[in-house]
Amino acid sequence: KSERVVPDVRLLTNRAWRAEGNHKQVRACAGLHDVFPDVLPSFLPIINLLVEYPEDLVFRGNYFKPAETMAKPTVNFKAATGSLWTLLFVSPDMESRYSRDQGHWVHWLVTNIPGADKSDINAGNTIVDYLPALPPKNTGEHRYVFILALQEKGRIEPKDIATIPSTSLEG
């Protein structure tokens, strides 16, 4: 009996990614880790969002040590030319995984990323600079979520975004 070869998700088109059932697996993993409803309402992803740190690809709830997230990851996706996208990196666990009433911590926000065969997030507008995953000591595991959203109403102007306090590692 031959084993089924699992294709490298980094090489799949959006159509092939969905045909392999990856969009359903991403939704199932998000549900397992309570991303739904803690961060977003449940939805079925349509874009193969690839986020990769030097040590590993972000993949369906895998674990990273804070030191592994110090460098800004590479982010790739394919989308229709003319579309605009927002990338959000957020932690719903400010103090701990189980104190959910504390709000969310925005670690990175980039708007107006143009859709392309290989989208370049550097072509978008950075609203919040990248902040690595740095949970407080002795607070257990924290969730960190990358969200890619289609800007259905077009370009987002910086003046249209609520003021977000800046953060600094230099304290």
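Which residue in S4 is the bridge partner of Leu-88? I looked it up: Leu-109.

**Ground rules.** I am reading a predicted model, where local features need pLDDT of at least 70 and side-chain atom pairs count only at pLDDT 80 or more, while totals for chains, interfaces and linings use all residues. Residues are numbered from 1 along each chain as its sequence is written, and side-chain values use heavy atoms, with hydrogens and water left out.

**Confidence.** I checked pLDDT, the predictor's confidence in each residue, from 0 to 100. The chain averages 78, and 72% of the residues score at least 70. Over residues 166–171 the pLDDT is below 50. Beyond near neighbours in sequence, that stretch has five contacts in the model. Contact means heavy atoms within 4.5 Å.

**The sheet.** I traced four strands in an open sheet, in the order S5-S4-S3-S6, with antiparallel pairing. The edge strands are S5 (125–128) and S6 (145–150), and each pairs on one side only. Neighbouring strands are turned by 15 degrees against each other on average, direction ignored. Those angles come from axes, lines fitted to C-alpha atoms, for helices over the stretch in contact; angles run from 0 to 180 degrees between N-to-C directions. Helices (H or I, at least four residues) and strands (E, at least two) are DSSP runs, numbered from the N terminus. Two strands pair if DSSP finds at least two bridges between them.

**Strand S3.** I followed S3 (residues 84–91) next. Seven bridges join S3 to S4, and six join S3 to S6. Both pairings are antiparallel. On the S6 side, Val-90 has Val-145 as its bridge partner, and Leu-87 stands opposite Leu-148. Is S3 mostly covered or mostly uncovered? S3 is mostly covered, with seven of its eight residues buried. Buried means under 20% relative accessible area, exposed over 50%, partly exposed in between (1.4 Å probe, protein chains only).

**The core.** I listed the largest nonpolar core: 16 residues. Such a core is a set of buried Ala, Val, Leu, Ile, Met, Phe, Trp, Tyr and Cys residues joined through side-chain atoms within 4.5 Å. Trp-85, Ile-113 and Phe-146 are among those with the most contacts inside the core. S3, S4 (105–114) and S6 each give two or more residues to the core.

**Ile-113.** I found Ile-113 in S4. Its relative accessibility is 0%, so Ile-113 counts as buried. Ile-113 and Trp-85 are 28 residues apart along the chain, yet their C-alpha atoms are separated by 4.9 Å. Ile-113 also touches Ser-119, Asp-120 and Gln-151, among others. Trp-85 touches residues including Ile-47, Val-110 and Leu-150.

**Aromatic rings.** How many aromatic pairs does the structure hold? I noted six. Rings of Phe, Tyr and Trp (its six-membered ring) pair if their centres lie within 6.5 Å; planes under 30 degrees apart count as stacked, over 60 as edge-to-face and the rest as tilted. Phe-77 and Trp-85 have ring centres 5.8 Å apart and planes at 65 degrees, so this pair is edge-to-face. Phe-77 and Trp-85 are both buried. Phe-89 and Tyr-144 form a tilted pair, 6.0 Å centre to centre and 40 degrees between the planes. Phe-89 lies in S3 and Tyr-144 in the loop between S5 and S6, so the pair ties together parts that are 55 residues apart in sequence. Phe-89 is buried at 2% relative accessible area, whereas Tyr-144, at 25%, is partly exposed. Ring pairs also link Phe-89 and Tyr-144 with Trp-108, Tyr-130 and Phe-146 into a cluster.

Conventions. Lists of a residue's contacts leave out its neighbours within four places in sequence.
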